[in-house]
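Here is a short tour to read with the structure open beside you. Keep a viewer at hand and step through the topics one by one.

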Amino acid sequence: MLLSTSRLFLRPVSLSDAPALFAARGDPVVMRYWDWPQMESIGDVEKIIRAHADELANGRTLWWAVAESPNGPAIGECDLSEIDRHHRRAEVGFLFSRAYWGRGYAAEAMSAVVEHAFETLILERLWARCHAGNTSSARLLEQLGFEHEGSLRGHVVRDGKRRDCLIYGRLRKAS
């Protein structure tokens with residue numbers, strides 16, 4: 001499923017996106033609030049893409065490379081995961097290369113993902129999780145209409161230490 005905004009093109013992630021996605025996934029600053037540390041190689045990104053092949057094929061996950069032109073290099077990524085059509089809900093996520101921070105790209109791309117989830121997939125609830133301290137992601141989620149719903153204490157282990165995660169949710173507006 002292709003999505004677009006006034007400045008961005010969201011296309012399904014493919015193995016050919018691995019080198020560009022490595023710009024974010026290989027950067028320790030970008031990955032400091034991620035469940036896993038930065039990746040060591042483009043091959044690591046390729047492994048992640050291959051590992052999600054079944055989820056992508058059966059529609060449990062939609063994962064987009066975000067680019068400034070239809071066939072341009074990925075500057076970031078967005079996804080809908082854990083898509084549950086019975087309960088009409090999914091988790092949203094996003095990650096952008098540091099060189100593209102501060103331009104409104106994440107908000108623009110995620111607005112398209114949220115609209116797709118609610119208007120095309122007819123989901124009724126979206127949720128997101130970010131590590132405590134990740135004020136930029138929390139602020140973006142709030143800008144997108146998500147509300148802070150609570151915290152999961154010690155939810156992930158990163159670099160041998162437990163980290164808290166913040167949960168945000170958004171319900172589809174009644175028509």
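Two strands count as paired if DSSP finds at least two bridges between them. With that in mind, β1 and β2 form a hairpin, and 4 residues lie between the two strands. Please remember throughout that this is a predicted model.

**The sheet as a whole**

- The sheet is open and is formed by 8 strands, in the order β1-β2-β3-β4-β5-β6-β8-β7, with mixed pairing.
- Which strands stand at the edges of the sheet? They are β1 and β7 (residues 147-158), and each has a single partner strand, so one side of each is left without a neighbour in the sheet.

- β1 and β2 run antiparallel and are joined by 2 bridges.
- The T5 side chain makes a polar contact of 2.4 Å with the side chain of E108.
- Leaving aside residues up to four places away in sequence, T5 touches E108 and A112.

**β5 and β6**

- How many bridges pair β5 with β6? There are 3, and the two strands pair in the parallel sense.
- Within this pairing, A90 stands opposite L126 in β6.
- β6 is mostly covered, as 5 of its 7 residues are buried.

**Helix α1 and R25**

- Helix α1 (residues 18-25) lies across β3 (62-67), β4 and β5 (89-96), and runs at about 90 degrees to β4.
- R25 belongs to helix α1.
- Is R25 buried or exposed? Its relative accessible area is 8%, so R25 is buried; the cut-off for buried is under 20%.
- The side chains of R25 and E77 are joined by a polar contact of 2.8 Å.
- Not counting residues up to four places away in sequence, R25 touches M31, W34, Q38, M39, V45, I48, W63, E77 and L95.

- Most residues other than glycine have a negative phi.
- E82 has a phi near 50 degrees, a positive value in a residue other than glycine.
- E82 lies in strand β4 (residues 74-84) and is exposed, with a relative accessible area of 52%.
- I122 has a phi near 55 degrees, also a positive value in a residue other than glycine.
- The place of I122 is the loop between α4 (105-120) and β6 (125-131).
- With a relative accessibility of 38%, I122 counts as partly exposed.

**Cysteines**

- How many disulfides does the count give? The count comes to 0 disulfides.
- C130 is in no disulfide, and the nearest cysteine sulfur, that of C165, is 7.7 Å away.
- Seen from the other end, C165 is in no disulfide either, with the sulfur of C130 as the nearest cysteine sulfur at 7.7 Å.
- The reasoning is simple: a disulfide needs the sulfur atoms within 2.5 Å, and the sulfur of C165 is 7.7 Å from that of C130.
- C130 counts as buried at 5% relative accessibility, and C165 is buried with a relative accessible area of 0%.

**The aromatic pair**

- The structure holds 1 aromatic pair.
- The rings of Y100 and Y105 have their centres 6.2 Å apart and their planes at 35 degrees, so the pair is tilted.
- The angle decides the label here, because planes under 30 degrees apart count as stacked, those over 60 as edge-to-face, and the rest as tilted.
- Y100 is partly exposed, with a relative accessible area of 24%, whereas Y105 counts as buried at 8% relative accessibility.

How values were computed. Residues numbered from 1 in each chain as written. Predicted model: local features only at pLDDT ≥ 70, side-chain atom pairs only at ≥ 80, totals over all residues. Heavy atoms only, no water. Polar contact = N/O pair within 3.5 Å; in protein donor to acceptor, adjacent residues only side chain to side chain. Contact = heavy atoms within 4.5 Å. Buried < 20%, exposed > 50% of the residue type's maximum accessible area, 1.4 Å probe, protein only. Axes fitted to C-alpha atoms, helices over the stretch in contact; angles between N-to-C directions. Phe/Tyr/Trp six-rings, centres within 6.5 Å; stacked < 30°, edge-to-face > 60°.
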